[in-house]
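Subject: Structure for your review

Dear colleague,

I am passing on the structure we discussed. My notes on it follow below.

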Amino acid sequence: MGIVVNLDVMLARRKMRLNELSERVGISLPNLSILKTGKARAIRFSTLEAICRELDCQPGDILEFVDDHGAG
Amino acid sequence: MPVPFDRALTGWSRLLWGLALLTLALNVAQLSLLWFEPVLPITLTSGDEVWSTDFHDQPRHVQIALIALVTGSELPWIFAVVQIALLGRDYMRGTVFTENNTRRFQKIGLALIALGVFGSLLHPAIAALLFAFGGAPWMADMAPLFTLEIDYLMAGLLFFVIGKIMQRGLELQTSDQFTI
């Protein structure tokens with residue numbers, strides 16, 4: 001899977017809806033939806049910064065590396 | 001993704017589309033009518049040697065082989081013209097940067113390369129064929145000689161490379177669209 005986006009987990013922890021986050025960070029709902037569903041190919045530092053600020057979290061809370069080719 | 005209306009692009013594309021269709025019709029008509037000509041001379045030269053015969057004087061199997069050779073060598077061109085017409089039609093509609101058009105550029109390139117290769121081999125192939133069925137002895141020496149159709153090869157390669165560049169551009173565009 002490589003990089004997994006845990007935006008939905010953070011939104012649930014903060015009890016925030018996607019459209020609310022969209023309004024707060026100024027990123028369109030379709031784009032945030034692409035990010036949430038893991039279809040995004042890249043994320044800008046400015047986007048990550050804005051999301052982390054609004055959700056009061058670290059980049060590592062949103063992005064996670066999952067090694068598919070790991071031992072075992 | 002359609003581009004905004006552009007009068008110049010639409011006009012030039014319409015011209016390209018029309019010209020490609022006209023070329024296609026003329027090529028197909030020429031190929032079809034060729035075999036109904038009452039006299040159809042085939043002339044091969046090598047230095048001072050000139051050897052001429054008429055298509056209709058050849059045995060049936062040689063006629064069929066000649067038809068296959070000439071028609072086969074024209075097929076890549078007809079294929080390229082069809083692709084050019086489709087490209088013109090899409091450009092006319094404002095559909096420019098698409099996966100289909102990128103592939104069309106590469107197909108046109110490959111077709112022109114094939115045309116260059118076939119064109120290079122056509123005369124020696126005809127000489128070999130006619131020699132095998134009673135042509136002049138010097139035709140045996142002519143068979144291995146061919147003129148490299150480098151213009152078609154270069155044009156084909158150019159189209160192919162442009163197609164590859166467009167493909168890379170599309171990948172970058174998609175990547176950019178999915179950068180949040």
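I start with one residue. Gly119(B) is part of helix H3 of chain B, residues 99-132; helices (H or I, at least four residues) and strands (E, at least two) are DSSP runs, numbered from the N terminus. Gly119(B) counts as buried because 20 other C-beta atoms lie within 10 Å. The classes are buried at 20 or more other C-beta atoms within 10 Å of the residue's own, exposed at 12 or fewer, and partly exposed in between, with C-beta atoms placed from the backbone. Leaving out residues up to four places away in sequence, Gly119(B) touches Ser73(B), Glu149(B) and Tyr152(B); contact here requires C-beta atoms, placed from the backbone, within 7 Å. Glu149(B) is 30 residues from Gly119(B) along the chain, and their C-alpha atoms are separated by 6.5 Å.

On conventions: this is a predicted model, in which local features need pLDDT of at least 70 and side-chain atom pairs count only at pLDDT 80 or more, while totals for chains, interfaces and linings use all residues. Residues are numbered from 1 along each chain as its sequence is written, and chains are lettered from A and ligands numbered from 1 in the order in which they are written.

Chain B

Chain B has five helices and two strands, in the order α-β-β-α-α-α-α along the sequence. Its radius of gyration is 21 Å, well over the 16 Å from the globule rule for 180 residues, so chain B is more spread out than a compact globule. (The radius is taken over C-alpha atoms, and the rule is 2.2 Å times the number of residues to the power 0.38.) The C-alpha trace of chain B spans about 70 × 30 × 25 Å along its principal axes. Of the 180 residues in chain B, 21% are buried.

Helix H2 of chain B (residues 60-92) has 33 residues, which at 1.5 Å a residue should span 48 Å; the end C-alpha atoms are 46 Å apart, which agrees. The expected span is 1.5 Å times one less than the number of residues. H2(B) bends by about 30° at Leu75(B), with Pro76(B) following within four residues; the bend is the angle between axes fitted to the seven residues ending there and the seven starting there. The buried residues of H2(B), among them Ser73(B), Pro76(B) and Ala80(B), pack against helix H1 (7-34) and H3 of chain B. After H2(B) comes Gly94(B), with a positive phi near 85°.

The largest nonpolar core has 15 residues, of which Ala80(B), Ile84(B), Ile108(B), Ala111(B) and Leu112(B) touch the most other members. H2, H3 and helix H5 (150-177) of chain B each supply at least two residues of this core, and H3(B) gives the most, with six. Such a core is a set of buried Ala, Val, Leu, Ile, Met, Phe, Trp, Tyr and Cys residues joined through C-beta atoms within 7 Å. Apart from this core lies another, of nine residues, including Leu7(A), Ala40(A), Ile62(A) and Ile180(B).

Chain A

Chain A also contains five helices and two strands, following the pattern β-α-α-α-α-α-β. Its radius of gyration is 12 Å, close to the 11 Å that the globule rule gives for 72 residues, so chain A is as compact as a globular protein of that length.

Regards

Notes. Two residues are in contact if their C-beta atoms, placed from the backbone, lie within 7 Å.
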